[in-house]
Amino acid sequence: MKICLLASIVASAAAFTPSQKASTVTSLGAQADYANELGAQAPLGVFDPLNILDTCSEEKFNRLRATELKHGRVAMLGVVGYLVTYAGVRWPGLEDVPAGWAAWKALPDEVVGQMVGAWILMEMANRDQTGNADFDGDFRNGYLDFGWDDQSDDWKMKKRAIELNQGRAAQMGLLGLMVHDAMGNVKDILPLA
């Protein structure tokens, strides 16, 4: 009983002592360095919760940006593929393959081999083939030109920012679809399922 009384007195006295100001580490220097870069957009600005940009060289930043762009492009294709297969569209000969995670077990080995081969070819082809790329991720090959070079620099930056944001949204969307598929409740969120 005496110990409980003593502990409560100490605790109540501690409530009136000034609190220690905790030192916080911020990446304000990195945020200032990258505040005007492509992708630093409202409402988050430079979003770097792990403070990776504090020790990031320009080369590493460009590599990270190119990786984000690539993952965004793949995720955009993934969301479309996910929605198309859930709508019931199948390649001839694969009509009985289910959609989502269940498809991996049902795919024939030949189809998996074709997919791996296609991924390898895409990795080899999605490079700057001409040596004239304006930025990492610029894969123009000299054959298709939709007038990119005729546009202003502001227009190009706006279009690149749109692609980056759509890729970010697609990454989150694909992750959500994969989680709901694994949970077994995709039919609750997709009207086509």
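Visitor: Leaving aside neighbours within four places in sequence, which residues is Asp-134 in contact with?
Guide: Arg-140, Trp-148, Asp-149 and Lys-156, where contact means heavy atoms within 4.5 Å. Bear in mind that this is a predicted model: local features need pLDDT of at least 70, side-chain atom pairs count only at pLDDT 80 or more, and totals for chains, interfaces and linings use all residues. Residues are numbered from 1 along each chain as its sequence is written, and side-chain values use heavy atoms, leaving out hydrogens and water.

Visitor: Where is Asp-134 placed?
Guide: Asp-134 is in the loop between α5 (109-125) and α6. Helices are DSSP runs of H or I with at least four residues, strands are runs of E with at least two, and both are numbered from the N terminus.

Visitor: What separates the C-alpha atoms of Asp-134 and Asp-149?
Guide: 9.8 Å, with the two residues 15 apart along the chain.

Visitor: Why does Asp-134 count as partly exposed?
Guide: Because its relative accessible area is 46%. Buried is under 20%, exposed is over 50%, and partly exposed lies in between (1.4 Å probe, protein chains only).

Visitor: Trp-148 makes me think of Arg-160. What does Arg-160 contact beyond four places in sequence?
Guide: Leu-38, Phe-135 and Trp-148. Arg-160 sits in helix α6, residues 153-183.

Visitor: Is Arg-160 buried or exposed?
Guide: Buried, and without a salt bridge, meaning a side-chain nitrogen of Lys or Arg within 4 Å of a carboxyl oxygen of Asp or Glu. The nearest side chain of opposite charge, Glu-163, is 6.4 Å away. Lys and Arg count as positive, Asp and Glu as negative, while His and the chain ends are not counted.

Visitor: Switching topic: which residues make the nonpolar surface patch?
Guide: Trp-101, Trp-104, Val-116, Trp-119, Ile-120, Leu-121, Met-122 and Met-124, covering about 850 Å². Helix α5 gives the largest share, six residues. A patch like this joins nonpolar side chains (Val, Leu, Ile, Met, Phe, Trp, Tyr) within 5 Å, from residues with over 30% relative accessible area and no salt bridge; like charges are joined within 9 Å.

Visitor: And why is Leu-121 classed as exposed?
Guide: Because its relative accessibility is 54%. Leu-121 is in helix α5.

Visitor: Zooming out, how many helices and strands are there?
Guide: Seven helices and zero strands. Buried residues make up 21% of the 193 in the protein.

Notes:
Areas by Shrake-Rupley, 256 points an atom, 1.4 Å probe, with all protein chains shown as cover.
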